[in-house]
Amino acid sequence: LPAPPPGTPAKAAPAAPRAHRGRICGVEISVSGLVVSLASHPRDCELRTWKLMTHEAAFSVPLPSAGSGCPSGILLRAQGALIAAGLDDGALQVVDLSSASVVRSFACGVPATDVAFSGDARWLAAALRDGGLRIFDLLASRCVDSFVFARPALSLCFAPSSAFLLTSHAKGNAIQVWANKFLFDPDLSAPLLRPEPKEPVRVDEPGAPEAEGPAKAAEDEENEEGDAGKGTSEGKDLPASTAPLEPELLTLSDVPPAKWQATLHLDTVKERNKPAEAPKPLASAPFFLPTAHEGVTPRFAAPLDAEDEEGDGGAGNGASHILQGDRSTSKVAKFQRLLSKGKFDEALKFLREQTPSGVHLAIEELGPMAGGTLEELGTCLAFFEWHLDKAHLADELQAYLSLFLQAHGEELAGAPDLRARCAKLCQALEGRWSALNRQCQKVRCFLGMLTHTQSQW
């Protein structure tokens with residue numbers, strides 16, 4: 001084309017159309033090559049897409065409001081073909097670019113500071129300005145978990161394996177890592193079968209300040225001082241709860257293991273602690289020691305009646321030290337009386353208060369061999385059934401049961417009804433320990449999976 005003559009003004013290029021009316025608050029590029037943008041103008045609350053190579057407008061998706069009014073956009077995040085847009089009225093809109101429509105809508109009530117998709121686009125995490133953090137299941141279209149932090153989370157993101165969520169908080173210089181419990185608990189894998197959380201769980205991230213302030217701290221100090229004073233006056237009269245946390249769990253006793261082990265192996269302890277020879281009593285010396293002289297050298301003289309005193313002492317000590325009659329059965333009578341009245345809790349408390357020798361004496365003085373009846377053995381079996389069903393103090397009860405079977409095994413085997421009750425008790429014990437073994441195996445599997453995930457991450 002010929003050049004224009006000199007002095008001719010050049011034609012101005014046509015003005016490009018404006019993408020949005022207000023400030024652009026978020027831009028993302030999808031996997032299909034579309035540029036997605038969102039503006040913060042109330043009259044321009046919609047997603048607009050543009051072709052990356054030709055800069056042509058593709059389509060727009062209006063974002064509905066969670067309530068009345070004209071909201072505006074505040075942030076934009078993308079994961080594959082899904083786009084999450086946060087509005088200033090607290091709504092979160094999830095847009096599918098393949099269908100060019102809003103597929104999920106969540107009302108948080110508070111504007112979000114940041115949102116993040118998981119690696120498989122199943123979960124959507126939203127950090128709110130009031131310190132809340134909500135986890136949404138996109139497939140189930142519902143909130144599956146809710147937290148409240150002492151300091152609001154400013155940014156967050158999922159690990160590529162979706163096993164961890166990383167957050168950073170206001171007035172903090174650390175990155176907090178939270179494990180995804182939905183990967184380690186199979187009971188949480190079906191969100192449609194579980195209700196949505198009604199109240200958020202309050203969580204203080206490491207290093208966060210106390211929310212109650214100095215008044216609460218002073219109150220806690222006063223309570224600690226009061227508890228310390230009560231402890232010095234009352235001692236340890238109030239035992240801790242022994243009820244198991246779950247039906248398939250057990251609780252152990254609060255006594256040192258050496259106590260019930262000494263009760264179980266009392267014969268071995270006595271044999272080990274038996275002295276090599278009996279101690280010999282010292283001869284009593286008179287106040288004035290008699291002396292004799294060998295020439296001019298004084299020497300102490302032995303008492304003339306020493307042998308007589310020894311002989312008299314031997315004759316006087318010939319009485320038996322073994323208790324006669326019912327003097328040694330006072331504690332046993334009390335244990336039998338508690339069993340006969342069905343006061344099994346008090347009977348267990350009585351056994352726990354005894355020494356290892358007292359426990360042996362109380363258990364061995366039951367049944368026909370001690371002058372009783374087989375009904376006492378049946379009542380003692382009911383005592384063990386009662387406490388094994390309560391699943392508490394498992395270590396002590398196992399020691400008492402072992403002593404009972406060792407002392408009365410032959411008598412129990414000779415009675416058919418007692419033998420059947422022992423078989424039933426054995427089945428109950430095996431079922432209880434099998435359930436506990438399954439729980440321990442599950443914990444081992446979860447820990448193995450957690451450590452394997454950490455090593456990969």
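This is a predicted model: local features need pLDDT of at least 70, side-chain atom pairs count only at pLDDT 80 or more; totals for chains, interfaces and linings use all residues.
Helix 8 comprises 17 residues, 374–390, and spans 25 Å from its first C-alpha to its last, close to the 24 Å expected at 1.5 Å a residue. Its buried residues are Leu-377, Gly-378, Cys-380, Leu-381, Phe-383, Phe-384, His-387 and Leu-388. In an α-helix, residues three or four places apart point the same way, because there are 3.6 residues a turn. The residue that follows helix 8, Ala-391, has a positive phi, near 55°.

A search of the whole structure finds 9 salt bridges. In one of these, the side chains of Asp-114 and Arg-77 meet at 3.0 Å, N to O. Asp-114 belongs to strand 9 (residues 112–117) and Arg-77 to strand 5 (residues 73–79), so this pair ties together parts that are 37 residues apart in sequence. Asp-114 is buried, with a relative accessible area of 5%, whereas Arg-77 counts as partly exposed at 30%.

Lys-390 pairs with Asp-345, and the closest N and O atoms are 3.4 Å apart. This pair links distant parts of the chain, with Lys-390 in helix 8 and Asp-345 in helix 6, 45 residues apart. Lys-390 is partly exposed, its relative accessible area being 33%; Asp-345 is likewise partly exposed, at 39%. The side chains of Glu-385 and Arg-421 form a further salt bridge, at 3.8 Å from N to O. Since Glu-385 lies in helix 8 and Arg-421 in helix 10, the pair ties together parts that are 36 residues apart in sequence. Glu-385 is partly exposed at 24% relative accessible area, and Arg-421 is partly exposed at 29%. Elsewhere, salt bridges with shared partners join Asp-44, Glu-46 and Arg-48 into one network.

Leu-429, in helix 10 (residues 416–456), is 40 residues from Asp-389 in sequence, and their C-alpha atoms are 9.3 Å apart in space. Leu-429 has a relative accessible area of 18% and is therefore buried, the cut-off being under 20%.

Ile-29, Leu-52 and Met-53 form a nonpolar patch, with about 350 Å² of accessible area together. Ile-29, a residue of strand 1 (residues 24–29), counts as exposed at 53% relative accessibility. The other patch is positive and is formed by Lys-334, Arg-337, Lys-341, Lys-343 and Lys-349. Lys-341 is located in the loop between helix 5 (330–340) and helix 6 (344–353), and is exposed, with a relative accessible area of 56%.

Conventions
Residues are numbered from 1 along each chain as its sequence is written. Side-chain values use heavy atoms; hydrogens and water are left out. Patches are made of residues with over 30% relative accessible area and no salt bridge: like charges are joined within 9 Å, nonpolar side chains (Val, Leu, Ile, Met, Phe, Trp, Tyr) within 5 Å. Accessible areas come from the Shrake-Rupley method with a 1.4 Å probe; for residues, only the protein chains shown count as cover. A salt bridge is a side-chain nitrogen of Lys or Arg within 4 Å of a carboxyl oxygen of Asp or Glu. Helices (H or I, at least four residues) and strands (E, at least two) are DSSP runs, numbered from the N terminus. Buried means under 20% relative accessible area, exposed over 50%, partly exposed in between (1.4 Å probe, protein chains only). Lys and Arg count as positive and Asp and Glu as negative; His and the chain ends are not counted. The place of a charge is taken as NZ of Lys, CZ of Arg, CG of Asp or CD of Glu. The expected span of a helix is 1.5 Å times one less than its number of residues.
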